[in-house]
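Reader: I am new to this structure and would like a close look at a single part of it. Please take me there in one connected account.

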Amino acid sequence: MSKRKSIYFFLAIIFIFGLIFFRINVYVESHKLQVAFLDVGQGDAILISEGGKQILIDGGPSGQKLLEKLGEYVPFWDRKIDIVIATHPDADHITGLVDVLKNYAVDEVIESGAESQSQVFKAMEKIIEDKKIEKQIARQGMNMKISTDTELKILGPSEMDTKNSKDTNSASIVARLSFGKNSFLFTGDLPMEVETRMLKNNLFSAINILKISHHGSRFATSGQFLGITNPQDAIISVGKGNRYGHPANEVLDRLRERKINILRTDDLGDVVYGCDNIKNECKTGTINY
Ligand SMILES: [Zn+2]
C-alpha cells in the first residue's frame, strides 16, 4: 500500500469507529422511554428501557424465549440489566429470570418478600447469592428515580400483604411508572381482595396504560378498580389457548363497557410503547434512536 493509501485507510477506520461510538452514545444517553410487554406465552415479562438503562419486570415461563426477546430489544453489546423485578415467585413470572441472571450482569433484584418451595425459586435465589447480586424487598412507598423524567413508585405489597398472604399472588409487587404526563401501572397477579383493600387505602389513581392483573383472571380487575385507574389501554399478557381460560369474559366485558382498548399478547405478539418526549403521549411502536 502506498503512503497516501495508508493514510486514507487509517482515516476511514477512525471515521467508522467514531460513527459507531457516536451511535452508541446517542443510544446510551437517550431519554426516550420504551415499554415492551413481551409475548412470552402464558406469563408476564415487561422490559422498560431508557437509553442504556433497562428494568425487567418478570421473566415469563421460559428462559430461552425470554433471552430471544431480550436479544431483539437490548443491543448485543449491552450485557447489563440494571434492575430485575420479580413481582412474585410463581413459575410463569420467574422461570425466565433464572437465565437472565445467568447471562446478563444484573445490578439489583427486587422481590416481593413472598417465598416458594419450588425448584425454580430456589434456583433464582441461588444465582442471586452466587453472583452476589444486591437484593431488595419491595415495600409500599418505595420510590425509584430512573432518570430526571422517569420514576417507578412501589404501591404494594405492604408488610401485611406479604405476611398475611395465603398465596404468593397476594404479595405481588404493584408499581406505577411515570414519564412526564404518561403513566403505566403494573399489577403482577394481584387478586381482587388485595386490589379492593388498596382501593380503600387510596393507593390507585388515574393512569394511561394498565397491565391487567393475572392474565385477565376474573378474580381481579374489578369495575371499581377500572373506574379509579381509568386507563385508555389495557395490556393482557396471556398464552394462546391456555388451560386457565384466561382472559375471562367478565374482565373483557368490564373493559369493553368502559371503552378501554384491549391489547393482548396472544393476538398481537409483543406490545411496545415508545415515549419520545415527556410532553407527548406514549404511542404503540418502537423508539428510533
Ligand atoms: Zn401469572
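Author: The model is a predicted one, and its domain assignment gives domain 1, covering 1-30, and domain 2, covering 31-284. Between the C-alpha centres of domain 1 and domain 2 there is a distance of 40 Å, and the contact between them involves four residues of domain 1 and five residues of domain 2. On the side of domain 1 that touches domain 2, two residues are nonpolar, one is polar and one is charged.

Now to the sheet. Its seven strands follow the order β7-β8-β9-β10-β11-β12-β13, the sheet is open, and the pairing is mixed. At the edges stand β7 (143-145) and β13 (261-264), each of which pairs on one side only. On average, and with direction ignored, neighbouring strands of this sheet are turned by 20° against each other.

Strand β11 (residues 209-211) runs parallel to β12 and is joined to it by three bridges, with Ile209 standing opposite Asp233 in β12. To get from β11 to β12, the chain passes through helix α7 (residues 223-229), and this β-α-β crossover is right-handed. Strand β12 (residues 233-236) is in turn joined to β13 by four bridges, and these two strands also run parallel; here Ala234 has Ile262 of β13 as its bridge partner. Together with helix α8 (residues 249-257), β12 and β13 make a β-α-β unit that is right-handed.

Key. Residues are numbered from 1 along each chain as its sequence is written. This is a predicted model: local features need pLDDT of at least 70, side-chain atom pairs count only at pLDDT 80 or more; totals for chains, interfaces and linings use all residues. Domain bounds come from an automatic or database domain assignment. Two residues are in contact if their C-beta atoms, placed from the backbone, lie within 7 Å. Ala, Val, Leu, Ile, Met, Phe, Trp, Tyr, Cys and Pro count as nonpolar, Asp, Glu, Lys and Arg as charged, and the others, Gly among them, as polar. Two strands pair if DSSP finds at least two bridges between them. Axes are lines fitted to C-alpha atoms, for helices over the stretch in contact, and angles run from 0 to 180 degrees between N-to-C directions. A crossover is right-handed if, with the strands pointing away from the viewer, the path from the first strand over the helix to the second runs clockwise.
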